[in-house]
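Hi,

Here is the structure I promised to pass on.

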Amino acid sequence: MLNKILIFPIVALIKFYQFAISPWLGKNCRYDPTCSHYTLEALKVHGFFKGGWLSIKRIASCHPWGGEGYDPVPPKQH
């Protein structure tokens with residue numbers, strides 16, 4: 001429950017970005033899935049803390065000297 005409360009504002013901001021801002025910017029992400037979709041999936045699969053950390057690492061690597069290509073969210077390890 002706490003996890004959903006922590007994640008909700010981030011998800012709302014990402015959805016706003018995806019529908020209101022991203023269409024005007026065009027395709028800029030070097031990765032597939034895009035960084036915003038990756039963040040939503042990482043938060044869903046791993047929760048606020050680990051999903052947030054994975055998202056920060058991913059966004060930090062999205063620059064001309066970083067990676068590119070297919071980079072899915074890693075599966076949750078039990």
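**The aromatic pair**

Searching the whole structure turns up one aromatic pair. The partners are Phe48 and Phe49, arranged edge-to-face, with 5.0 Å centre to centre and 85° between the planes. For the cut-offs: rings of Phe, Tyr and Trp (its six-membered ring) pair if their centres lie within 6.5 Å, and planes under 30 degrees apart count as stacked, over 60 as edge-to-face and the rest as tilted.

How exposed are the two partners? Phe48 counts as partly exposed because its relative accessibility is 25%, while Phe49 is exposed with a relative accessible area of 66%. Here buried means under 20% relative accessible area, exposed over 50% and partly exposed in between (1.4 Å probe, protein chains only).

**Ground rules**

Keep in mind that this is a predicted model: local features need pLDDT of at least 70, side-chain atom pairs count only at pLDDT 80 or more, and totals for chains, interfaces and linings use all residues. Residues are numbered from 1 along each chain as its sequence is written, and side-chain values use heavy atoms, with hydrogens and water left out.

**The chain as a whole**

The protein chain has two helices and two strands, and along the sequence they follow the pattern α-β-α-β. Helices (H or I, at least four residues) and strands (E, at least two) are DSSP runs, numbered from the N terminus.

On overall dimensions, the C-alpha trace spans about 35 × 30 × 15 Å along its principal axes. The radius of gyration of the protein chain is 13 Å, which agrees with the value near 12 Å that a compact globule of 78 residues would have. That radius is taken over C-alpha atoms, and the globule rule is 2.2 Å times the number of residues to the power 0.38.

Of the 78 residues, 26% count as buried. The accessible surface comes to about 5,900 Å², and 69% of that belongs to carbon and sulfur atoms. Those areas are from the Shrake-Rupley method with a 1.4 Å probe; for residues, only the protein chains shown count as cover.

Contact here means heavy atoms within 4.5 Å. Taking the contacts between residues at least 6 apart in sequence, 69% join residues at least 24 apart.

As for charges, the protein chain has 9 positive and 4 negative ones, and their mean positions are 9 Å apart. Lys and Arg count as positive and Asp and Glu as negative, with His and the chain ends not counted; each charge is placed at NZ of Lys, CZ of Arg, CG of Asp or CD of Glu.

**Inside helix H2**

Thr39 sits in helix H2, which covers residues 35–60. Is Thr39 buried or exposed? It counts as buried, because its relative accessibility is 8%. Leaving aside residues up to four places away in sequence, Thr39 touches Ile14, Ser55 and Ile59.

Ser55 is also placed in helix H2, and at 5% relative accessibility Ser55 counts as buried. With the neighbours up to four places away again not counted, Ser55 touches Tyr38, Thr39 and Ala42.

His37 is another residue of helix H2, this one partly exposed with a relative accessible area of 45%. His37 and Pro72 are 35 residues apart in sequence, and their C-alpha atoms are 9.8 Å apart in space.

**Loops, ends and the other helix**

Which peptide bond is cis? The one from Asp32 to Pro33, with omega near 0°. Pro33 belongs to the loop between strand E1 (31–32) and H2.

His63 is in the loop between H2 and strand E2 (69–70) and is partly exposed, with a relative accessible area of 29%.

Ile5 is in helix H1 (residues 2–25) and counts as exposed at 52% relative accessibility.

Lastly, Gln77 lies in the segment after E2 and is exposed, with a relative accessible area of 71%. Between the C-alpha atoms of Gln77 and Tyr38, 39 residues apart along the chain, the separation is 18 Å.

Cheers
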